[in-house]
Amino acid sequence: MKKVTCLLALIMMFTSMAPVAMAKVEKKDKEKPELSPEDEAKIAQLDARILEIKAMDFTQMDREERKEIRNELRDINKEAKAAGRGVYLSVGAIIIILLILILVL
């Protein structure tokens, strides 16, 4: 009896996982959000600064100056990402929010 239940459990597991494994994965083209003219001007300014930094000669700079430039590039990257993105919620967060709303009401 133990072998039969083990075998049935194994068959159920493989049949439940087969559709997931055979599912076709489609890449969706992500549409870029429309940027306001202010955001476009800001991004153009950030791009110009990046080109200036790329043109610099780092061999004549000391360690502190290179560190400042590295931090500036990180800040520019963060600003550029923040300009073109919205707020996204994961599925788990939505489920938790719904559960909290159901429990409260």
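**Patches, helices and confidence**

Glutamate 68 is placed in helix H3, within a predicted model whose protein chain has a mean pLDDT of 76, with 74% of its residues reaching 70 or more. The secondary structure of this chain consists of 4 helices and 0 strands, so that, by the DSSP runs, the order of elements from the N terminus reads α-α-α-α.

*Confidence*
- Among the elements of the protein chain, helix H3 (residues 63-83) has the highest mean pLDDT, 85, whereas helix H1 (residues 2-22) has the lowest, 71.
- Where pLDDT is low, the predicted coordinates should not be read in detail.

*Charged surface*

*Nonpolar surface*
- A nonpolar surface patch is made up of Val4, Leu7, Leu8, Leu10, Ile11, Met13 and Phe14, which together have about 660 Å² of accessible area.
- Leucine 7, included in this nonpolar patch, is located in helix H1, the element with the lowest mean pLDDT in the chain.

*Burial and total area*
- Of the 105 residues in the protein chain, 5% are buried.
- The chain exposes about 10300 Å² in total, of which carbon and sulfur atoms supply 63%.

Notes:
Residues numbered from 1 in each chain as written. Predicted model: local features only at pLDDT ≥ 70, side-chain atom pairs only at ≥ 80, totals over all residues. Heavy atoms only, no water. pLDDT = per-residue confidence, 0-100. Helix = DSSP H or I, 4+ residues; strand = E, 2+ residues; numbered from the N terminus. Patch = residues over 30% accessible without salt bridge, like charges linked within 9 Å, V, L, I, M, F, W, Y side chains within 5 Å. Areas by Shrake-Rupley, 256 points an atom, 1.4 Å probe, with all protein chains shown as cover. Salt bridge = Lys/Arg side-chain N within 4 Å of Asp/Glu carboxyl O. Buried < 20%, exposed > 50% of the residue type's maximum accessible area, 1.4 Å probe, protein only.
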